[in-house]
Amino acid sequence: MFKAYNELPNNYQLISQIDMKKNKKEFLLINILALSLFFLSLFTLLYINKSISTDLIQLYIVVGCSIIYIVLHELVHALFFKFKNNVKVEFKFHGFAASAGVPGYYYQKKHYLIISLAPFMIFNLIIIPLFLVNDYWFFILAFLLAIHISGCSGDLYVFIKLLFKPKTILIEDYGVGMNIYNSDDINKV
């Protein structure tokens, strides 16, 4: 289940792509999803705790932690790309997003679904201390959780899109997008 192929099997061919740079419609959809998730998450959390006040230091903490979070998010993807595979992960910043990818390697669907959701699942643990802290830190953690959920919009989009593909697909992630291959022996979806 966790084997990455360094060569595409002969009977596999490209069936679809997800590319945030080339496909403007997809790019717009993911950004609308990101903004919607951000505001929905933040407003929900702030509704829970109505006695929040903010100051400039809190905003600096949020900005600093957000930068750290982006790096950690991509490192989690990298960790799961490398799980049971000796691959070199490439990290990039595309102007609109950071990415971790492994061009030239092809991942099985189950493994890639885990790769795509790993940061979402791991960093959702932010919610645990959220309800154990005072109002000052609640605002900071709530904001970071909203940034996290919003930042996973592309991962969630990919997860949902791949979920309905055949179990035999192979995915090549090149950072800003991915190529999806399937055997020409199998009905394509």
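**Strands, helices and a few residues**

Me: Which residue in E6 is the bridge partner of Tyr107?

Reply: Begin with the strands involved: E5 covers residues 106-108 and E6 covers residues 170-173. They run antiparallel and are joined by two bridges; two strands pair if DSSP finds at least two bridges between them. In E6, the bridge partner of Tyr107 is Ile171.

Me: What pLDDT do local features need here?

Reply: Residues are numbered from 1 along each chain as its sequence is written, and side-chain values use heavy atoms, with hydrogens and water left out. This is a predicted model, in which side-chain atom pairs count only at pLDDT 80 or more, totals for chains, interfaces and linings use all residues, and local features need a pLDDT of at least 70.

Me: How many helices and strands does the chain have?

Reply: Helices (H or I, at least four residues) and strands (E, at least two residues) are DSSP runs, numbered from the N terminus. Reading from that end, the order is β-β-α-α-β-β-β-α-α-α-α-β-β. The total comes to six helices and seven strands.

Me: Which strands stand at the edges of the open sheet?

Reply: Five strands make up this open sheet, with antiparallel pairing, in the order E1-E5-E6-E7-E2. An edge strand has a single partner, so one of its sides is left without a neighbour in the sheet. Those at the edges are E1 (4-5) and E2 (12-19).

Me: How many bridges join E2 to E7?

Reply: E2 and E7 run antiparallel. The number of bridges joining E2 to E7 is seven.

Me: Which residue in the turn between E6 and E7 has a positive phi?

Reply: E6 and E7 pair in the antiparallel sense over four bridges, and Asp173 stands opposite Met178 in E7. The two strands form a hairpin with three residues between them. In that turn, a positive phi of about 100° belongs to Gly175.

Me: How many of the seven residues of E7 are buried?

Reply: In a regular strand the side chains alternate between the two faces of the sheet. Both faces of E7 are covered: Gly177, Asn179, Tyr181 and Ser183 are on one side, with Met178, Ile180 and Asn182 on the other, and all are buried. Buried means under 20% relative accessible area, exposed means over 50%, and partly exposed lies in between (1.4 Å probe, protein chains only). E7 is largely enclosed by the rest of the structure, since the number of its residues that are buried is seven.

Me: Is His73 buried or exposed?

Reply: You can find His73 in helix H2. Leaving out residues up to four places away in sequence, it touches Pro119, Phe123, Gly151, Cys152 and Asp155, where contact means heavy atoms within 4.5 Å. With a relative accessible area of 5%, His73 is buried.

Me: What is the relative accessible area of Lys84?

Reply: Lys84 is found in the loop between H2 and strand E3 (90-93). Although it is not a glycine, Lys84 has a positive phi of about 60°. Lys84 is exposed, and its relative accessible area is 65%.

Me: What distance separates the C-alpha atoms of Leu125 and Leu145?

Reply: Leu125 has its place in the loop between H3 and helix H4 (127-130). It is exposed, with a relative accessible area of 52%. Leu145 is 20 residues apart from Leu125 along the chain. Their C-alpha atoms are separated by 9.1 Å.

Me: What share of the 189 residues in the chain is buried?

Reply: Let's step back to the whole chain, whose C-alpha trace spans about 60 × 35 × 30 Å along its principal axes. Among contacts between residues at least 6 apart in sequence, 76% join residues at least 24 apart. Of the 189 residues, the buried share is 44%.
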